[in-house]
Amino acid sequence: MGSALLHGWVDEPDIKFIDVLDPRLKEPIEHLKVTNHQSASTLGDKIGAADIVVLAVKPQIMDKACEQIKEALSENTLILSIAAGQTIESFEQRFGENQPIIRAMPNTPAAIGKGITVLCANNHVSDEQKKNAETLLAASGLVEWLNDESLMDAVTAVSGSGPAYVFLLIEILAKAGKTQGLDPDLSMKLARQTVIGSAALAEGDVGTTATQLRENVTSPGGTTAAALEVLMNGELQKLYDRTIDAATKRGKELSS
Ligand SMILES: NC(=O)c1ccc[n+]([C@@H]2O[C@H](COP(=O)([O-])OP(=O)(O)OC[C@H]3O[C@@H](n4cnc5c(N)ncnc54)[C@H](OP(=O)(O)O)[C@@H]3O)[C@@H](O)[C@H]2O)c1
């Protein structure tokens with residue numbers, strides 16, 4: 001996820017320098033603005049001088065990652081975490097309760113500028129820092145703010161994990177086409193391009209609701225109507241309620 005965001009930042013004129021700290025540097029980004037580091041020791045004074053430190057490691061190793069930078073960090077530096085389930089309070093405990101902290105939940109379409117990120121800040125984040133964080137995340141798509149941090153797990157469940165549900169939809173649609181006798185490759189091509197094309201239609205027509213977009217392609221008594229009768233009998237909604245509930249609960253577990 002960190003490199004997905006980074007791809008957007010290298011082209012953003014307001015972002016002048018980026019230092020990446022990654023112990024194994026498997027996929028270093030070679031760019032004039034980017035300096036890659038394998039250890040905090042080569043970062044030197046840069047941690048203390050940073051406007052924003054972005055934390056993009058798995059929640060399970062967040063403690064270790066924070067330990068590496070804690071001593072050198074300035075109390076005015078904005079900490080921006082993208083980790084699922086890691087609360088603002090947990091970062092206040094790690095860095096001190098006066099540290100400006102923003103908890104963010106982006107998603108992987110950020111890599112092509114089509115992500116959406118929700119941000120939630122503690123009271124020590126200045127208006128300028130909020131603007132800077134917004135600039136940073138706007139480089140990879142839409143940005144929304146949330147005041148109630150307890151809803152961040154639901155955001156994670158819907159949009160953070162959401163791309164995986166859409167990819168699964170492609171797989172399922174392709175399998176169903178194969179069951180009807182279509183060649184597997186053709187069925188996969190049909191399913192994939194249908195999701196791509198439908199997403200593009202939704203993107204090009206932001207003023208039209210999803211319900212309206214669906215109704216526009218459904219003639220009464222036709223094939224789409226027959227299919228939707230199966231999908232809209234309530235079971236799919238219940239399945240998605242359970243899906244989002246499971247992801248939300250996992251987010252809460254990760255924060256405890
Ligand atoms: N993936 C998503 O769709 C998504 C969406 C929203 C938010 N997030 C959040 O983004 C965070 C990262 O998730 P991910 O899926 O991108 O995980 P990931 O692919 O494992 O990326 C984490 C990166 O951090 C590196 N790393 C490991 N230890 C480190 C340390 N001590 N200091 C600095 N870097 C270190 C890892 O290197 P190695 O691989 O060599 O260990 C890896 O390159 C998570 O907290 C997740 O909740 C992910």
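## Strand pairing

Two strands pair if DSSP finds at least two bridges between them. In this predicted model, strand E3 (residues 52-55) and strand E4 (residues 78-81) meet that rule: they pair in the parallel sense over four bridges. Take Val-54: its bridge partner in E4 is Leu-80.

Which residues of E4 point which way? Leu-78 and Leu-80 point to one side, Ile-79 and Ser-81 to the other. All four are buried. In a regular strand the side chains alternate between the two faces of the sheet.

## Nonpolar core

The largest nonpolar core holds 39 residues. Leu-55, Ile-102 and Leu-119 touch the most other members. Leu-119 has contacts with Ile-102, Ala-104, Ala-133, Leu-137, Val-143 and Trp-145, leaving aside residues up to four places away in sequence. In soluble globular proteins, nonpolar side chains tend to be buried together.

## Domains and their contact

The protein chain splits into domain 1 (2-159) and domain 2 (162-255). Their C-alpha centres lie 32 Å apart. The contact draws 15 residues from domain 1 and nine residues from domain 2. On the domain 1 side, helix H6 (residues 152-160) gives the largest share, six residues. By class, that side has six nonpolar, eight polar and one charged residues.

How values were computed: Residues numbered from 1 in each chain as written. Predicted model: local features only at pLDDT ≥ 70, side-chain atom pairs only at ≥ 80, totals over all residues. Domains from an automatic or database assignment. Contact = placed C-beta atoms within 7 Å. Helix = DSSP H or I, 4+ residues; strand = E, 2+ residues; numbered from the N terminus. Nonpolar A, V, L, I, M, F, W, Y, C, P; charged D, E, K, R; others polar. Core = buried A, V, L, I, M, F, W, Y, C linked by C-beta atoms within 7 Å. Buried ≥ 20, exposed ≤ 12 C-beta atoms within 10 Å, placed from the backbone.
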